[in-house]
Each structure stands twice: as structure tokens, then as C-alpha cells.
Amino acid sequence: MIRMIRPLLRGSTYSGVLFAYCGALASLPLLPLALLPALSWPSAPESTQIILVLSVWAVLVGAVGLARPVRRALVVSARRLLRVPMPNPVAGRRTSGPLGLDRWRTPLWLVLHVAVGWTGALASGVLLIMGVSLPGNWLGGEARVSLFGTSVQVSGVWSWVAAAVCILLAVAVCVLVTKSLRWSAPRLLGPSAAERLALAAERELLLAERNRIAHELHDSIGHTLTAATIQAAVAGEVLSADPTAARAAMRSIEESTRAALEDLDYVLGVLREEQSGTAPTRTLADLPELLDRLRHTGAVVEPELSGDLAQVQGTLSRAAYRVLQEGLTNALRHGSGGPIEVRVAVGPEALDLTVVNGTGARTCPGPAAFPTSGHGLPGLAERVRLLHGEFQAGPDGTQHWRLAVRLPVRVSV
């Protein structure tokens, strides 16, 4: 007995029964319309009229479920009252599965909801009335229960037993009503196959955008902080001996941090889903400025540019800039302070990018080591792979580190 009563003590059972009964009551305004065909055919047998009324009623209830707002309201109600986790329907998207069955799932759920609600309400109501009224007759000596043509006489203590059984059955009906709705809600109101594909596609786009943002933050902010740290160290070293060089280093810090703040403002706007401004784009046209910022840190940069950089446009130019930026950042972080060789060669078939720096003890002012997340080179490799390019990074002899990237120039941008 305790096992049967325990589910009724849960809040989800109460709310589920309330959800079912409210659905049944909400269908009452459609009943007069369902009675019209039966009233227009008075000569039909009573069983035929009942079937006709119920059929028309079910059709009218199902027609209400074809409206999009109805499904959204049902999903929200089922989530809150049945405690079933379900995502909201995909807004502005009409789905249709095999044979167009998807669009009929909500009408089917609504008909099932109303049918279960009325069945549960009538059954539990009759059982509760019997459970309350039977004990009142035991002083009179006997009571008679008739159901579907079968009559049973109960008296004395048996009337209390029959009352307890009726109340337990009413509890069982309430539990079954809730469980049936909780079982059917995800299957009929939950995302269809087409909606699941749409949700997966949207999630994939969101993850791709967040991954791109993470790359942009790592490339821009990581480079800026590395350069600013070294420039601050240089300014501190030469502040007394060469104030002009110190001021130049401070101006370089200001310029690089301003550019990084623009990137950060754009990224924060995207993460907050706000209308942010146009994303700051860095291309190969900005390579001279990047190299100048490196020189302000005291690094010796030896660029070797060949070919027409202006013919490299769009995604390819932006990716090339980020590759060089990451390579130069790593040279500042982990290099010995010796010359950094930068080669950019634009050919008819491919764009070749190379950064070579020395390794070992540092020979210029600045921190000897930087904390690193380890995501720089894997991120670069992923970026190059998406552009169908070739990526190599590793020791070049015993005293140098070499980053080499080859990007096809005929890739779609």
C-alpha cells in the first residue's frame, strides 16, 4: 500500500494530474461543435451517434494542435508540469518527416492528452466517490455496488475494505495518467528528426564560431601580451641610458594594446550575442606594422618578401597573417633573442610562410620564459588544414626552430 501511495506524494504526480485534467477541461468548448453532426442525424443508432461525436471531437481537438503557438505552449507546460526535459521547438522552421508524419505529432499528442485526461478524471472521480460513500452504509448493514451490469453486495467491515481498494485504485489511476503523459511527451512533443538535425547544425555552427573566436583571442591577445611584456622590459632597461628608445617602446605598447582591445571588444560582443561592430581584420597588408612592433621589443627581424602580397586576399590573407603572428610570438617567447628570419613567398600555385628563430639562452632583455597554454601550434595546424595547406614545425638543426606553412592560393575564399 505504501508503495502505491508513495508516487502520489511526489509533486510531479500532482502537477501531471493537473496538466491532464486541465487539458480535458480545455476541450469542452469544442464539444457543442462535435454534437452538431449527431443532432443532424437523429435517426442513427445511439452507439453510432456516440462514435460520431467522439470522432468529430477528436478531429477538432487535433486541428487545434496544427497551430505552431499551441505546440510551443504545450512544450513549455509539459516541461514545467510533467517535469520532462525538452528543448523549445526550432523557431520559424516547419519540419516534415517521412510521409509528412512530423506535423501530425502535435495533434496526436493533443488528442491523447485530452483522452487520457478525460479517462483519468472519470475513473478517479468514480473511484473516489465510491471510496467516500461506501463506509457510510456499513451501519445500515449492507451496500450494493453495480458496475457494467454486475452487482456485488458488501456489508460490515467489507465496505471499509472496498472503500480502501477504491481509493488505492484512484491513486493508481492518477499515477498511470502522469506516467503515460511523461512517456508520450518526449516522443510526440520532443524534437522531430528534422528538428534534431537543425539543432545539431546550429550547435555545430555555434561551436565553430566559438572555436574561431578562441583562435582569434589566442593569436591577438597572446601576441600583444608577449610583445608588451618584452617592450616593458626593454623600456625598463634603457630608461636611464636612452629615454628616446624607452619612449618608443612605450608607444609601441600603447599601439599594440589598442589593437588588442579592439579585438577583445569584438569577441565580447559576439559572446554576449550583441550587435557588435565589424570584426577587426588583420591581413598581410598589416605585416609591416607587426614587424615594427617586434623591432620595438629589441628583436632583430630579417624579413624576406617575394611576390605580390596584394594578390593574396580574403581568408587566405587573414590566415597567413595569423600564422606569421603566432610564429613570431613563439619566437619572442622561446627564442634566444637572436635574429628572427621571416620569409613570405607568393607564387602562382602556393603561398609559402616561414619563421626561423634561434634557440638557447636569451641575448636580449626580457623574461626568459613565458607561461603557455600549448594551444598555439595545434590551433595553427587546424587553421592550415582547413585551408588544405601543409604545416611543419620543429627543430631546424641544433640551434634553430623552424615553422613552415604552405597554403594553396587557389582555395575558395
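Analyst: Start at D352, which is partly exposed, with a relative accessible area of 25%. The model is predicted, so local features need pLDDT of at least 70 and side-chain atom pairs count only at pLDDT 80 or more, while totals for chains, interfaces and linings use all residues. Residues are numbered from 1 along each chain as its sequence is written, and side-chain values use heavy atoms, with hydrogens and water left out.

What does D352 meet? R406 forms a salt bridge with D352, and the closest N and O atoms are 2.9 Å apart. R406 lies in strand β7 (residues 400–408) and D352 in strand β5 (residues 350–358), so the pair ties together parts that are 54 residues apart in sequence. A salt bridge here is a side-chain nitrogen of Lys or Arg within 4 Å of a carboxyl oxygen of Asp or Glu. Strands are DSSP runs of E, at least two residues long; helices are DSSP runs of H or I, at least four residues long; each kind is numbered from the N terminus. R406 is partly exposed too, with a relative accessible area of 37%.

Take its links in turn. The side chains of R343 and E304 meet in a salt bridge at 3.6 Å, N to O. R343 sits in strand β4 (residues 340–346) and E304 in strand β3 (residues 301–306), so this pair ties together parts that are 39 residues apart in sequence. R343 also meets E341 in a salt bridge, at 2.7 Å, N to O. How covered are these residues? R343 counts as partly exposed at 32% relative accessibility. E304 counts as partly exposed at 49%. E341 counts as partly exposed at 26%. In total, the structure holds three salt bridges.

Now to the rings. There are two aromatic pairs in the structure. F19 and W109 form a stacked pair, 6.3 Å centre to centre with 25 degrees between the planes. F19 lies in helix α2 (residues 11–26) and W109 in helix α6 (residues 105–133), so the pair ties together parts that are 90 residues apart in sequence. F19 is buried at 5% relative accessibility. W109 is buried at 0%. The rings of W57 and W118 have centres 6.2 Å apart and planes at 55 degrees, so this pair is tilted. W57 is in helix α4 (residues 46–64) and W118 in helix α6, so the pair ties together parts that are 61 residues apart in sequence. W57 counts as buried at 13% relative accessibility. W118 is partly exposed, with a relative accessible area of 24%. The ring rule is this: rings of Phe, Tyr and Trp (its six-membered ring) pair if their centres lie within 6.5 Å; planes under 30 degrees apart count as stacked, over 60 as edge-to-face and the rest as tilted.

Next, a helix pair. Helix α10 (residues 287–296) and helix α11 (residues 314–334) pack at an angle of about 5 degrees, with their axes 11 Å apart. Axes are lines fitted to C-alpha atoms over the stretch in contact, and angles run from 0 to 180 degrees between N-to-C directions. α10 and α11 are therefore roughly parallel to each other; that label covers angles under 35 degrees, with over 145 as roughly antiparallel, 65 to 115 as roughly perpendicular and the rest as oblique. L287, L290, L291, R293 and L294 in α10 meet Y321, L324, Q325, L328 and L332 in α11. Contact means heavy atoms within 4.5 Å.

Two loop residues deserve a glance. R83 has a positive phi of about 60 degrees although it is not a glycine. R83 lies in the loop between α5 (68–81) and α6, and is partly exposed at 47% relative accessible area. H388 also has a positive phi of about 60 degrees and is not a glycine. Its loop runs between α12 (376–386) and β6 (390–395), and H388 counts as exposed at 62% relative accessibility.

Finally, the whole. The protein has twelve helices and seven strands. Of its 413 residues, 39% are buried. Among contacts with a separation of 6 or more, 71% join residues 24 or more positions apart.

Terms used:
Buried means under 20% relative accessible area, exposed over 50%, partly exposed in between (1.4 Å probe, protein chains only).
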